[in-house]
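Open the model in your viewer and keep the selection panel at hand. The stops below go from the contact between chains to the inside.

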Amino acid sequence: MKRVLNKRILRDLRHNFVRYAALFLLVVLGMYIVTSMVASSENVIQGTIEKNGINRVEDGEFSVFVPLTDKQLDEIRSNDVEIEEIFNFDFSENGKVIRVTKVRENIDRIEIKEGRLPEADGEAVIEQRYAEENGISTGDEINISGKLLTVCGTGCVPDYDMPIRKISDTAVESSNFGIAFVTASMYDEFISGKSQKAQEYTYAYRLNGDYTADDLKNAIKDMEFDYHDVDDEYFQDYISDSLGKKDELLDGIQELVDGSAELRDGLADIKDHSSELTDGASDIFELYLDQANSAVSAFGITLTKDNYASELDKAIAATNSSELSALKERLGQLSEFLGGTKDYTDGVDEAYDGSEELADGMTELQDKTNEISEEYFDGQIDNLTMFLKAGDNPRINAASNERVVNKNMGLLAGVVVMILFMYVISVFVVHQIQSESSVIGALYALGIKKKDLITHYLRLPTIIALLGGIAGAAIGFSSFAVNSQMSQIYSYYSVPEYKNVYPVYLLIYCIVMPPVTAIIVNYIVINKKLSRTALSLIRNEQKESSISNIDLRKFSFIRSFQIRQLLRELRIAFTVVLGMFISMLIFMIGMNSLTLCLNVKNETQADTKYNYMYYMKYPEKELPAEGEAVYTETLSKEYQGYSLDVNIFGIGGSSKYFRAEPAKGKNKLAVSKSVQQKYSLSVGDKFVLTDSANDMDYAFTVDSIADYSAGLAVFMDIDSMRELFGREDDFYNTIFSDNKLDIEEGRLYSVTTKEDIDHSSEVFLSMMRPTQVMLLSVSVVIFFVVMYLMLKVMIDRASFGISLVKVFGYRMNEVRKLYINGYMFVVAIGALICIPLTKCIADKIYPNIISNTACGVNIRFPLYVYPLIFVGVMVIYFIIITLLVNRLKKISPTEVLKNRE
Amino acid sequence: MYLEVKGLKKKYGNSSNTVQVLKGIELSVQKGQMCVIQGTSGSGKSTLLNCIGGLETIDEGSVKVSGKEIFGLSPSALSDYRRDNLGFIFQFYNLVPNLTVRENIKVCEYLTSSPLDIDELIKTLGLTEHQNKFPSQLSGGQQQRCAIARALIKNPKLLLCDEPTGALDSATSRDILILLEEINAKYGTTMLIVTHNNSIKDMVHKVVFVKDGLVVKQYENKTRVPAAELEDL
C-alpha cells in the first residue's frame, strides 16, 4: 500500500507543480538570504580572527613626540610587551595622500594580495584598496616624495582594515588615501635630512603577560621627557606661546625674589651704618654740651644730657639771661636730632628684619610656584601624543564588527521566513487534506492507518523543504552570492581575501530547519485533520466556524459573498497579510538602509557649507582673515556597546558655516539633528560625553537642536567651551573658510575640502547598494510568491464554487468579482496596516543594525513614498490577479459535475 | 418546439482511446413540458443533459432552445445562454457551503433583472425557518429544496434536473417531485429530468429512453400520475 501511495507523490508533484515550485522558491529565497548574509559574515568574522593571528594584529598603538630611547623600549619590553615601530609620514600630492611606512616584522604584518614584499630599496607594497582605486598594479612605478618606487606588490595590514587617514574619519576614501610599505633602509632614506616633525612616531604593541594597556600608558607618561627635544618649530612656537603665561609668572616671581633679596641686602647695608649715625649725633651733642658747660661754669652748674633743661631753667629764672635761654634752645634741638637718629636706626633694623622675611617668603613662593608649574606642565606635556587600544581603534576589525550585525540580521531573517513558510505549507496541507478528504476517508475505511497517511502527506513538503534548503544553502554559499555580499566588504575595507567557511550550524540551519519545520507543521495539521472519523472524511464534513455565522443581510449580494469567501479562507487571507507583513518588513529595512544612505549623502552635502576645513595641529595666534575660528574637541559616547566619536564644535555667535546657536554656559549644548536622532535626545535632556584619553566625563544639558546632520556633532558657545576645557580666551584649532587659506603645512593635522566630504558621503550608498538591492528584490519576490501561492490555493479551493457559478451563467468579470476582488480589500487594508506598522518596527530595529556607524538615523521617507509603496503592492496584486485569471478561466463548469463540496 | 436536439454526437478521450457517448441523439420537447430522460448508467443521459445545458461541447449535431442554436457558441455565449435560459438542479444539490440558504438563492437571483420574489419562493419551498442556515445544517431534502429555489429564482425557461431525487429517501423524493410538478404548473417551466427512477416517468408529459448514446424510445404520457400518487419512489 505504501508503495502505491508513494506513486502518488510524483503525480501530486506534477499536478501541483506551480504550487510546489513556488514553495520551493520561497524556501530557496529564505535560505539564500540567510546563507549569503551569514556565510559572508562568517567568512569575514572567522577570516579576521584567523588573519589577525597570522599577521599578529596589535593590541594597541601609541604615538610619541620623540622616539622612545632604547632604554625606554627595553623597560617596556621587560614587562612582556612586544613593541614595534610603525613610524610613518604622509606624502601629499594632487589631493592624494600616501602614508609611507616600513614593512612591519612582528606586529601588524602585511598580507600580500599580489606580488611580494619589498626586497630592495626602491620597491614598495601599496595598500590594495588605494592600488585598486588608482589603477596601480605590480610592476608599476610610483612617485613618492621625489623618489620613483617600483610597486612589487599590493596588500593590506590588520591595523588599517578600515583604511582611514585620521582616526576621527568616518568614511573610507581609498581613492585619495593609501599606504606604501618600503624597506627599513628605504624609509630611513626618505626621512634622512628631514626634521623630526616630518614623521609620526607610532608604536604598535602586543601584551603577552599581565601588563595591561593602562599600565603601559602610565609607564610611557611617566617616562622622562624634555619637550625641548622636540625639533618641530611649530610645536615649539605653540609650546612657547602656551607656556608664555607660565614663564611670565615665573619671571615675575623671580623678579620679586631678586628684588626682595636686593632690598634685604640694601637694608642690611643701611643697618650696618646706623651706629655710625647715632654715634656721630651723640658726639655732636656731647661736644656742644661740653661747650655749654664751659659757658655756664660761672653759674656753678654742670649740664648733662639728662639735666640740661632743668638746670638751665633754674639758672634762667635766677638770672633772666637771654644767653642761657638761647643755649637751652640749641641743646633742645640737638637732643631732638639725637632722638631722631635713634628712631631712624630702629626703623632700619625693623625694615631689615621685614625685608629678610620678605626675601624668605619670596623664595618660598618661587619654590611652590615652580613645584605647581612643574606638576601642571608635566601633566600636559609628556611624550605621549596618542594611545589607542585595538578595541577602540576604528581601523581594526572594522569589517568584522560590521558583519556581526549582518550575521544576526541574517539569522533573524531566516526565522521570520520560516514562520511564513510554516503558514504557507499549513495552508497547502489543509487544502490538500480537504480536497482529498473522501479518498482519505475511503482509505481509512479500507484499513489504512493514520500513521501511513501522515507519513505519506508529510513526504512531499518535507522533500521540497529539504531540497529548497539545500538549493538555498548552495546558492547562498555559491561564489556568486557570497561574492556579491563580500564585494561590498572588499570594495570598502582593506582586508585579505577570506576563504569561504561553511559553519556547521549554518548548514544545519539552512538544510535541516526547513524540512524539520515542514515535518512539525505538517504533522500537527495533518494529525488534527485526520483525527476525524472515516465517515466524516468521506462526507468531507466541514465545520462552520462561529465567525461564519455573522449576519450579512445588510450587505449587497456581491459584498456578502465576498465577505463569506474571505471568512471561509481566513487562513489564506491571514497568510497573505502575514506574507505581506514579513516581506514588507524586509522591504522597509532595505528602504531604511537606502533612505539613510541618501539622507546621509544629501544632508552631509547640504550641511557642509564651507569649502575648506583646516584642522590645526599648532594654530597661529592670528586667525587668517577669511577664516572662521572654531574650537573642536572629539569626545566619545557609547551606543549599544560601540564607542562613537562625537565632535564638539565651539562656535561664535553668528557662525557662517553652522546653523546652530548654542547658549552661553559650560554645560549647555546645541545638539545636531544626527545626535538627537542617534541618542533620542530632547531639549532639557542630560548628555554625557566621555574623554576616554583622560578618563573624564562631561555632563551637558541639551539646550537646543541644531539643524545640522553631517556626522555626530554638537555645538557649544566657543568662550564657554574654552573655559570648560581650560583653554586660553582666543584658542581655536579649526578654521573653516570659503577659499583656500595660506597656512603652513606644518601647522596642520589635516585639510578637508567640501569635495572630500561630498565624496565620502556617497561611500555609504555605494557600499550598501548590494545589500539594499538584495533586501528590496527578495522582499518583493517573497511577497509575490506568497500572494501568488495563497491566491492560487484559494482559487483551487474555490474551484467547485467557481465552476458552479459558471454553470449558472456568471461571466468572468463577475466570477472575479465574487472570488478574487474581495482579496483586493484584504491586500489594500493589509497594506494600509502593514506599511506604517512595518515602518515603525523597521525604525525600531534599524538603529541596532547601524549601531556602530557614527551618523544620524534619519530614516524618514518623503511622504510620497508611502502611497508609492501602496501603489506598488496593488500593482503586484493586479499582476498576480492577471496571472490567476487564466487559472479562473481554466476552471470548467463541468467540474461541478465531477466533484462536490 | 421549445427544445430540439438533432443528430447530437459527443465523444470523450483522445485519438487512441475514444468513447463515443452520444451517437446521434434526436429529441424534442415542447414549451412547458416536463420530460424525463431515462436510461441505465453509462447510457449517456447525463452527457445529453450537459450538452443541452451548454456545459459540454458538442461534437456534431444541433441543439436548439427556443429556436436558438447553441452548437458552436463560444464559452461566453454559452455562459449567457445558461444565464438567460437555464436553471440547474443536481443530484448532490451543489450548494455553496459557506453561504446561507438565502445567500445560495441570491447567487442566481443576481443573474436576472426580473427575479421571482425571494421571500415568496422561500416560503413556497418551505425554507422560511431555514433561510439563514448553512447547507451543512440542513437535511438532504432541505438542501435540495434550496437548490430548487436557487434554480427557480431567476424564473428559467428550461430547468435541467440531473437525478434530483437520487440522493434522497422516497418520502423526500416525493416532496421534491410534488414541488417540481407545482412549479411546472405555476410557472410553466419546461423541465428536463434525468433519472434512473422508473416511477418518475409517470408524472411527466414526455419520456425519453436513452441507451448506448441513442434515443431508443420516446413517448408522451396521455395521462399523468400526480407526483403525490407515484409508487416505488
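How many residues does the contact take from chain B and from chain A? It takes 23 from chain B and 22 from chain A, where two residues are in contact if their C-beta atoms, placed from the backbone, lie within 7 Å.

This is a predicted model: local features need pLDDT of at least 70, side-chain atom pairs count only at pLDDT 80 or more, and totals for chains, interfaces and linings use all residues. Residues are numbered from 1 along each chain as its sequence is written, and chains are lettered from A and ligands numbered from 1 in the order in which they are written.

Stay on the side of chain B that touches chain A and select helix 2 (75–85) of chain B, which supplies the largest share, five residues. Helices (H or I, at least four residues) and strands (E, at least two) are DSSP runs, numbered from the N terminus.

Now select chain A, with its 26 helices and 20 strands. Its radius of gyration (over C-alpha atoms) is 46 Å, well over the 29 Å that the globule rule (2.2 Å times the number of residues to the power 0.38) gives for 901 residues, so chain A is more spread out than a compact globule.

Next, select A:Val576. It is among the residues that touch the most other members of the largest nonpolar core, which has 258 residues. Such a core is a set of buried Ala, Val, Leu, Ile, Met, Phe, Trp, Tyr and Cys residues joined through C-beta atoms within 7 Å; buried means that 20 or more other C-beta atoms lie within 10 Å of a residue's own. Among the contacts of A:Val576 are A:Val786 and A:Tyr823.

Definitions and conventions: A residue is buried if 20 or more other C-beta atoms lie within 10 Å of its own, exposed if 12 or fewer, and partly exposed in between; C-beta atoms are placed from the backbone. Lists of a residue's contacts leave out its neighbours within four places in sequence.
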